[in-house]
Amino acid sequence: MLSIILAPIQEHAASGPLTVEFGLMFWTVVVFLLLLLILKKFAYPALLGAVEARERALQEQLDAAERNRTESEALLAEHKKLVAEAKASAHALLVEARTTAEKERALAMEKTLQEQQQLLERARRDIAAERDRALAELRREAVELSLAAASKLIGERLTSETDRKLVQEYLTALDLRN
């Protein structure tokens, strides 16, 4: 009976994980090589094609990114140049505007001074003319009053042009003394 019990154990011990079975190993190798050939013929080219396409796509993206970076740098440099030119142009316009404003202010001041001088000169001429007219009117009235006073003193009317001339010469002589 012990042999009945030990026999399955011995059979079972002979088929353990560390035992080598050549038949199983042969078929495993044959199936592996067959699967390797099928994979090499059908799956690997498709996988390699997909990997190569992905690699090409990544390289194209990297190249496009490099081109974009180069273009961006060029655009940035151009933008900086344009900004600098715009600043310089604005500064030049500001300086020109200030210069023009100063010139205009100076011209306006000069014109105002000229107008002021002209007005002052005209006012002086008007005053002198008015003074001369007033003096002439005063002399005329003085002559008339003198003639009237002299005619009352003399008792007759002095109306001749000679009498008027005589009184005017007298008044002019009085003006020269003063």
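So, E137 and R140: these two make a salt bridge, with their closest N and O atoms 2.4 Å apart. By salt bridge I mean a side-chain nitrogen of Lys or Arg within 4 Å of a carboxyl oxygen of Asp or Glu. Side chains of opposite charge can pair when their charged atoms come close. Why are E137 and R140 separated by about one helical turn? Because they sit three residues apart in helix 2. E137 is partly exposed at 34% relative accessible area, and R140 is partly exposed too, at 44%. On the cut-offs: buried is under 20% relative accessible area, exposed is over 50%, and partly exposed is in between, with a 1.4 Å probe and protein chains only.

Before I go on, this is a predicted model: local features need pLDDT of at least 70, side-chain atom pairs count only at pLDDT 80 or more, and totals for chains, interfaces and linings use all residues. Residues are numbered from 1 along each chain as its sequence is written, and side-chain values use heavy atoms, with hydrogens and water left out.

Next pair: R133 and E130 meet in a salt bridge at 2.2 Å, N to O. Both are in helix 2, three residues apart, so that's about one turn again. R133 is exposed at 52%, while E130 is partly exposed at 41%. Then there's D132 with R131, a salt bridge with the closest N and O atoms 3.7 Å apart. D132 comes out at 43% and R131 at 48%, and each is partly exposed.

Elsewhere, E66, R69 and E73 are linked in a network of salt bridges. The total count is six salt bridges.

Zooming out, the protein has three helices and zero strands, running α-α-α from the N terminus. Those are DSSP runs numbered from the N terminus: helices are H or I, at least four residues, and strands are E, at least two. The accessible surface is about 16200 Å², with 64% belonging to carbon and sulfur atoms; that's Shrake-Rupley with a 1.4 Å probe, and for residues only the protein chains shown count as cover.

Y44 lies in helix 2, residues 22-154, and is partly exposed at 37%.
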